Amino acid sequence: MNGLTFDIAHLLAGGLVLVSFMMLYQDRLFALINVFAVHAIVLALSVAWQAYIQDAHHLYVTAAIALIFKAIIIPVGLHRIIQRLGIHRDIETAVGIGSTMLAGIGLVTLSMVLMLRVTPYAAPLAREDLAFALSIILLGLLVMVTRRNAVSQVVGFMSLENGLVLAATGAKGMPLVVEISVAFSILIAFIVIGVFLFRIRERFDSVDVGALDDYRGEHR
Amino acid sequence: MTAFSLDAVAAILLIPVVAAALLAALPNYRLAAGLNVAASLLTLLAAISLFVTVRPPPGQYLLVDDLNIVFIVLNTFVGFTTSVFSASYIAHELDTGRLTAPNLRFYHAMYQIMMFGMNLAFVSNNIGLMWVAVELATLTTVLMVGIYRTHEALEAAWKYFILGSVGIALALFGTILVYMAAQPVVGEGTNAMVWTVLIEHAARFDPALLDVAFVFLLLGYGTKVGLAPLHAWLPDAHAEGPTPISAVLSGLLLNVALYAVLRFKLLLAASPEAISPGPLMITMGLTSLVFAAFMLYRRRDIKRLFAYSSIEHMGIIVFAFGMGGPLANFAGLLHMVMHSLTKSAIFFTVGHIAQIKGTQNIAEIRGLTETHPGLGWALVIGVVAIAGLPPLGIFMSEFLVVSSTFARHPLLAMPLVFGILLAFGALLLRLTGIAFGEPRGSTAPAEASYVPMYSHLALVFAAGIYLPPPLVIWFQHVANLLG
């Protein structure tokens, strides 16, 4: 692998981590969804680049799924849902932005230290992809725990899945079964969530998970 | 013979799929409930036939070995008895209007898809396929937990969905890491995800990578096992969904995730330089046990009470498997079977009780043995069994866990015994109120199906008195396999 192909792959995977960081400080739902669309586009580019340098044509399918499904259909769908629900555009972040960013930096450091240390024998590109992927997964988790709104939790979860796709494509020659299943699971997950959102909306006119927390199942 | 055995595996997978398609199209709920029972029975028969037929050689995707047969037969058996219970349960739900006919069509189809997912997870020889199957089973149960569409049911389903998805995402990352570890040794492609190939070459895998992979897998699948501190979804999902689903969640789905953990534990054990998975599992098991035992005291909802008891018992089982060695593995395996049977029997009973009383609040359920002796005594036997009193099966398996721990690590036995005793106290405390005393609440006659609960309890009782030697030999063999 020559320097340029490596650098481009590196750039794209690193870009994905940066976009994950951008999600951390979005305080409006529409902006968050737009950033997620950018996340999916960078993922699609990264996967397509992997397909090109690994000469693995089936990965183009994964890239196409990321581009069409995650970068276009889901963001458009979420925009619609938000409009139909008429929910507030402000995201109630449970933790302040400053401390969230600091925590994010800590998580990225952690995943770099961990993954680079345990993969000394793997191909250089694969190990960097794994380290970036773990960062994206942890940042996705961070988005999920710092938001109280159901839609932004869903977005956090999807960015987490993007990290998984990056890891799966970085692992050279990983069978197609898994990539398709990941794509499918996102589809299913989205349907499930969609159903739930509508049900929640039907009953309570709110998708704020915080409102659900009032009930603990045990009247005291 | 080989072809026939392949057919048995195919039947275990195909019957639920076909049944799900039929059930989704069938508007009549009585017919659907009957078909559900018939399909579950056929699957059980197919699973039992695995014992007698010659096994197919492991393929790239499917595998039948001594370990998973135990799980498959248990799974299909409890799946069958639950379908019988479910038939009488849903009739009542339909009468009271909590569920409608379209709900039921959806429910029955989902039930069979869930059985398919669980069976697929057990027979899969491919760690990628296993992941997909566990995910499928999870998603179907999420949908069923939310089926009542009440405020509480939606919260429970949402929590279950979010925590379950995060868990499953971590498990996928662990799976990818295992592939990364295998790839330099086994080569690229499907083979590096085939479990039988992996275990053959595990000794040459990069141990550091395997270590990290196992941590992710344990956390990921551990979320689904309901190990503390990742258990938060479990009590809600048990309490708010339909009771047949609580029974299969506790009795079966937790086992599926446990089975996945065990498979990867074997992989790690085959690699001499990797960390030993035991201490991690022991720690998580003990934490779950002691935590759940304390939580049992504050429960006011009867289904939540037994959900926490499931966390407690999964803690004991994970602890036993973490200890390892033939005796502790034997005890863990036995405890898993006994817990599945007992806990689902308890949920069958509790389901009918909650229907009669119209509440799940423990304070409003009193004196059951007087008003509904059939249900009341079933609950007494079930709780006595689950609390670990002799002569029932769980006493025996808990005794084995405790004695093998005392023999090897007496210090670890202290928190173990403490947790078990604590849970014992809480359960008996609650039981006396529910089963005895001044009757309270509705005394309407029960239209319960007693066969599933009493057949489970009879099995647990029989196992406590006498374990047939072939079964013991079989379990010992599997325990040795588990290392």
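B:Pro391 sits in the loop between H15 and helix H16 (393-408) of chain B, where helices (H or I, at least four residues) and strands (E, at least two) are DSSP runs, numbered from the N terminus. A cis peptide bond links B:Pro391 to B:Pro390, with omega at about 5°. The loop between helix H8 (207-225) and helix H9 (233-240) of chain B holds B:Pro229, and there a cis bond joins B:Ala228 and B:Pro229, again with omega about 5°. As background, most peptide bonds are trans.

The model is a predicted one: local features need pLDDT of at least 70 and side-chain atom pairs count only at pLDDT 80 or more, while totals for chains, interfaces and linings use all residues. Residues are numbered from 1 along each chain as its sequence is written, and chains are lettered from A, with ligands numbered from 1, in the order in which they are written.

Back to H15, which spans residues 373-387 of chain B and packs on helix H18 (residues 450-465) of chain B at about 30°, the axes being 11 Å apart. Axes here are lines fitted to C-alpha atoms, for helices over the stretch in contact, and angles run from 0 to 180 degrees between N-to-C directions. The H15(B) and H18(B) crossing is left-handed; that label applies if the near helix is turned anticlockwise from the far one by less than a right angle, and right-handed applies if clockwise. On the H15(B) side, B:Gly374, B:Ala378, B:Ile381, B:Gly382 and B:Ala385 take part, meeting B:Tyr450, B:Met453, B:Tyr454, B:Leu457 and B:Val460 of H18(B). This contact between H15(B) and H18(B) has eight nonpolar residues, two polar ones and no charged ones. In this scheme Ala, Val, Leu, Ile, Met, Phe, Trp, Tyr, Cys and Pro count as nonpolar, Asp, Glu, Lys and Arg as charged, and the others, Gly among them, as polar. Two residues are in contact if their C-beta atoms, placed from the backbone, lie within 7 Å.

Another helix pair in chain B is H10 (residues 243-269) and H12 (residues 302-323), which pack at about 20° with axes 11 Å apart. H10(B) and H12(B) are therefore roughly parallel to each other, a term for angles under 35 degrees. Their crossing, H10(B) with H12(B), is right-handed. Residues from H10(B) in this contact include B:Ser246, B:Leu254 and B:Lys265, and those from H12(B) include B:Lys303, B:Met314 and B:Phe321. By class, the H10(B) and H12(B) contact has six nonpolar, three polar and two charged residues.

Stepping back, chain B has 19 helices and zero strands. Its radius of gyration is 21 Å, close to the 23 Å that the globule rule gives for 483 residues, so chain B is as compact as a globular protein of that length. The radius is taken over C-alpha atoms, and the rule is 2.2 Å times the number of residues to the power 0.38. Of the 483 residues in chain B, 61% are buried, meaning 20 or more other C-beta atoms lie within 10 Å of a residue's own. Chain A has eight helices and zero strands, and 44% of its 220 residues are buried.

A:Ile73 counts as exposed because it has 12 C-beta neighbours inside 10 Å, the cut-off being 12 or fewer.

Conventions. Angles under 35 degrees count as roughly parallel, over 145 as roughly antiparallel, 65 to 115 as roughly perpendicular and the rest as oblique.
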